[in-house]
Amino acid sequence: MADTDPEPLIRRADDVEYETVDAADGVEKGVLINEAHGAPNLAIRRFTLAPGGGIPKHTNEVEHEQYVLAGEYTVGVDGAEHTVSAGDSLFIPAGVVHWYRNDGDEEGAFVCAVPTGDDDIRLLDDEEANR
């Protein structure tokens with residue numbers, strides 16, 4: 001192996017630190033793997049949505065692949081609302097308006113994979129989101 005080749009890595013659940021997502025209500029994010037851990041192409045993050053929590057309408061410059069781990073919550077994607085629950089998967093293309101809302105009594109959780117590197121997140125008001 002060359003010195004620049006990535007090294008295998010196992011990260012334990014106890015090693016993942018969660019932080020509050022400032023632009024959201026009742027949402028925490030933990031970075032499971034990203035470029036800081038040696039992953040050259042993808043970042044994997046775990047999000048939790050508390051009952052009553054949500055993420056406002058926004059767009060990202062990068063695509064998102066998501067897998068629902070727990071709970072049941074609503075995801076708005078490109079003007080349509082979808083109820084998702086454990087075992088469901090989502091693909092959200094770059095630039096597509098999306099949002100999350102947990103109206104249930106249980107915490108929702110999902111894993112989200114995105115390309116490594118910068119991602120410009122743009123919060124939208126209702127008028128912008130409906131254009």
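Two residues are in contact when they have heavy atoms within 4.5 Å. The model is predicted, so local features need pLDDT of at least 70 and side-chain atom pairs pLDDT 80 or more, while totals for chains, interfaces and linings use all residues. Residues are numbered from 1 along each chain as its sequence is written, and side-chain values use heavy atoms, without hydrogens and water.

**Exercise 1.** Find out which residues N60 touches, leaving aside residues up to four places away in sequence.

*Solution.* Start with the place: N60 is found in strand β3 (strands are DSSP runs of E, at least two residues, numbered from the N terminus). Next, list its contacts: A94, G95, H98, D119, D120 and I121. Last, check burial: N60 has a relative accessible area of 5% and is buried (under 20%; exposed is over 50%, partly exposed in between, with a 1.4 Å probe and protein chains only).

**Exercise 2.** Work out how the rings of F47 and F110 are arranged.

*Solution.* Rings of Phe, Tyr and Trp (its six-membered ring) pair if their centres lie within 6.5 Å; planes under 30 degrees apart are stacked, over 60 edge-to-face, the rest tilted. The structure holds three aromatic pairs. For F47 and F110, the centres are 5.0 Å apart and the planes at 10 degrees, so this pair is stacked. F47 lies in strand β3 (residues 42–60) and F110 in strand β9 (residues 108–115), so the pair ties together parts 63 residues apart in sequence.

**Exercise 3.** Decide whether Y100 is buried or exposed.

*Solution.* Y100 has 4% relative accessibility, so Y100 counts as buried.

How values were computed
Helices (H or I, at least four residues) and strands (E, at least two) are DSSP runs, numbered from the N terminus.
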